[in-house]
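Have a look at the chain below, and let's talk through how its parts get their labels. Each answer sets a value against a rule and then draws a conclusion.

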Amino acid sequence: MATKQSNKAQPHHQSEILENPDELAERLGQGEAFLKKNSKVLGGVLAAAIILIGGILFFQFNTQNQNKAAQAEMFQAVYYFEQDSVEFALNGDGINSGFLSIVEEYPRTDAANLAHFYIGSIYLSERKFQEAISELEQFSADDYLMQGQAYSLLGDAYLELGNNEQAISYFEKAASYEPNKFFTPKYLMKLAIAYEEAGQIQNAIDAYGEIEENYFESYEFSAARKHKARLEGLAAQ
């Protein structure tokens, strides 16, 4: 019963404040005094908040504009890449920008992010493995095709450098990233090869076995069965 009475007492006290002009004036006076005393601090906090919000909005707007411009400029570079004109794709043709210019002029944009993928792919084809790694590690995407391919290319580069441990790590990422019947079998084949290079025969057998078991309609199926049987024969000796 005491609890119920105390609960009822609180709103009654609040109503007294509202109904008593002197009490209300005193409360308002306290609030006014606080504002006067801390006006500089509050003004500074408000100004800082306005500057911060304005800066964020400007950054987002500026980034969007830069991304549109970068994508427009990158169109020709992508065309050259698809035509295997890698020199023009990288450095431009004197009129149109290349991927390297896009990355330099439009950092932190989606276009620059994609340009890192293209540059890394070109460097890998030119056997510039460390440069390829540097570019590809700066790329990230939600798209399962592009991100999985980036992981796979990084695995290729590390495998060529003789770093089997890193190669295996990236091939595992590629094979486990959004598994699908179109690309996962290819990544598993690369993973099996890397395992075998590292002397991890059972892991290589398991990778081939995953293709045999789950991707029997894939192009890699026949080769996976053959290499799995070969390794099982070696393991049995």
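## Reading the labels

Q: Where does histidine 116 lie?
A: Histidine 116 sits in helix H6, which covers residues 110-125. Keep in mind as we go that this is a predicted model.

Q: Why is histidine 116 called buried?
A: Buried means under 20% relative accessible area. Histidine 116 has a relative accessible area of 9%, so it counts as buried.

Q: Which residues does histidine 116 touch, leaving out those up to four places away in sequence?
A: Histidine 116 touches Val103, Glu135, Leu136, Gln138 and Phe139.

Q: What makes the reach of H6 close to the expected one?
A: H6 has 16 residues, and at 1.5 Å a residue the expected reach is 22 Å. From its first C-alpha to its last, H6 reaches 23 Å, which is close to that value.

Q: What follows H6?
A: Arginine 127 follows H6, and its phi is positive, near 65°.

Q: How many aromatic pairs are there?
A: Rings pair if their centres lie within 6.5 Å, and by this rule there are ten aromatic pairs.

Q: Why are phenylalanine 99 and tyrosine 118 called stacked?
A: Planes under 30 degrees apart count as stacked. The ring centres of phenylalanine 99 and tyrosine 118 are 4.8 Å apart and the planes are at 5°, so this pair is stacked.

Q: What does the pair of phenylalanine 99 and tyrosine 118 tie together?
A: Phenylalanine 99 lies in helix H5 (residues 99-105) and tyrosine 118 in helix H6, so the pair ties together parts that are 19 residues apart in sequence. Both phenylalanine 99 and tyrosine 118 are buried.

Q: How do we know whether phenylalanine 117 and tyrosine 118 are stacked or edge-to-face?
A: Planes over 60 degrees apart count as edge-to-face. The rings of phenylalanine 117 and tyrosine 118 have planes at 80° and centres 6.0 Å apart, so the pair is edge-to-face. Phenylalanine 117 and tyrosine 118 are both buried.

Q: Which residues form one aromatic cluster?
A: Phe81, Phe99, Phe117, Tyr118 and Phe139 form one aromatic cluster.

Q: What are the angle and the distance between the axes of H6 and H7?
A: The axes of H6 and H7 cross at roughly 165° and come within 8 Å. That makes H6 roughly antiparallel to H7, since angles over 145 degrees are given that label. The crossing of H6 past H7 is left-handed.

Q: Which residues of H6 and H7 meet?
A: On the H6 side, the residues include His116, Phe117, Gly120 and Leu124. On the H7 side, they include Phe129, Ala132, Glu135 and Leu136.

Q: Why are H7 and H8 called roughly antiparallel?
A: Helix H7 (residues 129-136) and helix H8 (residues 144-160) pack at an angle of about 150°, with their axes 9 Å apart. Angles over 145 degrees count as roughly antiparallel, and therefore H7 and H8 get that label. Their crossing is left-handed. In this packing, Phe129, Ile133 and Leu136 in H7 meet Leu153, Leu154, Ala157, Tyr158 and Glu160 in H8.

Q: Why does glutamine 149 count as buried?
A: The cut-off is under 20%, and glutamine 149 has 19% relative accessibility, so it counts as buried. Glutamine 149 lies in helix H8. Setting aside residues up to four places away in sequence, glutamine 149 touches Phe117, Lys186 and Tyr187.

Q: What makes leucine 145 partly exposed?
A: Partly exposed lies between the buried limit of 20% and the exposed limit of 50%. Leucine 145 has a relative accessible area of 36%, so it is partly exposed. Leucine 145 is also found in helix H8. Beyond its neighbours within four places in sequence, leucine 145 is in contact with Phe183 and Tyr187.

Q: How many helices and strands does the chain have?
A: The chain has twelve helices and zero strands. Of its 237 residues, 33% count as buried.

Terms used: Residues numbered from 1 in each chain as written. Predicted model: local features only at pLDDT ≥ 70, side-chain atom pairs only at ≥ 80, totals over all residues. Heavy atoms only, no water. Helix = DSSP H or I, 4+ residues; strand = E, 2+ residues; numbered from the N terminus. Buried < 20%, exposed > 50% of the residue type's maximum accessible area, 1.4 Å probe, protein only. Contact = heavy atoms within 4.5 Å. Expected span 1.5 Å × (residues − 1). Axes fitted to C-alpha atoms, helices over the stretch in contact; angles between N-to-C directions. Parallel < 35°, antiparallel > 145°, perpendicular 65-115°, else oblique. Left-handed = near helix turned anticlockwise from the far one by under 90°.
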